Structures are given as C-alpha cells and as structure tokens.
Amino acid sequence: MPDKNSGSSYTPYTVTGSGTNSQGNSYDTRIQPGGSAYHYSNANGSYYYSNADNSTYYNSGKGGSGSATYTAPNGNVYKK
C-alpha cells in the first residue's frame, strides 16, 4: 500500500471521524480523493485499511513473522 505521502489516490485524506469500539479496536473514517475509506487499528496489533478505490490492506502486526494481504481494486490478491 502506498504511504500517505506518495501522492497516490489515497492521499491527501481527511479524517472525518474516529473512536474505539467495545473490543478496544480504534478506527477512523476518512475521505480520500476517490471517496470514503476507513482504517482499523486492532488491540492485538493488527490493522486494516479499506480504501476509496475498493482496495484493502490487512497486516497482522506481528513484524517479520506476521502476514500482510493487499487486495487490489481489480481483485488481485497479494500476500506476504
């Protein structure tokens, strides 16, 4: 996933809301150039992005021993 300074369709973004759910997971809702998006940062260290272009990114938050999955807008899935 491109970083927030890459000039991609993910940025610039504006955070429109944030909070913590009953499981202790924090989230924010965002407006990206292509529309609405959101981000979860989970209590177990994992995190998830759902982007306006219909791509998603999940990271287990376990460093080198963890996993990451990016699903592109066209549905192609890339795993680490």
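The largest nonpolar core is made up of six residues, namely Tyr10, Tyr49, Tyr57, Ala68, Tyr70 and Ala72, where a nonpolar core is a set of buried Ala, Val, Leu, Ile, Met, Phe, Trp, Tyr and Cys residues joined through side-chain atoms within 4.5 Å, and buried means under 20% relative accessible area, with a 1.4 Å probe and protein chains only. This is a predicted model, in which local features need pLDDT of at least 70 and side-chain atom pairs count only at pLDDT 80 or more, whereas totals for chains, interfaces and linings use all residues. Residues are numbered from 1 along each chain as its sequence is written, and side-chain values use heavy atoms, with hydrogens and water left out.

Turning to charged groups, the structure holds one salt bridge, that is, a side-chain nitrogen of Lys or Arg within 4 Å of a carboxyl oxygen of Asp or Glu. Asp28 forms this salt bridge with Arg30, and the closest N and O atoms are 2.6 Å apart. Asp28 counts as buried because its relative accessibility is 12%, and Arg30 likewise counts as buried, at 8%.

Ser46 is found in the loop between β3 (35-41) and β4 (47-50), strands being DSSP runs (E, at least two residues) numbered from the N terminus. Apart from residues up to four places away in sequence, Ser46 touches Tyr40, Ser41, Tyr58, Asn59, Ser60 and Gly61.

Note on methods:
Buried < 20%, exposed > 50% of the residue type's maximum accessible area, 1.4 Å probe, protein only. Helix = DSSP H or I, 4+ residues; strand = E, 2+ residues; numbered from the N terminus. Contact = heavy atoms within 4.5 Å.
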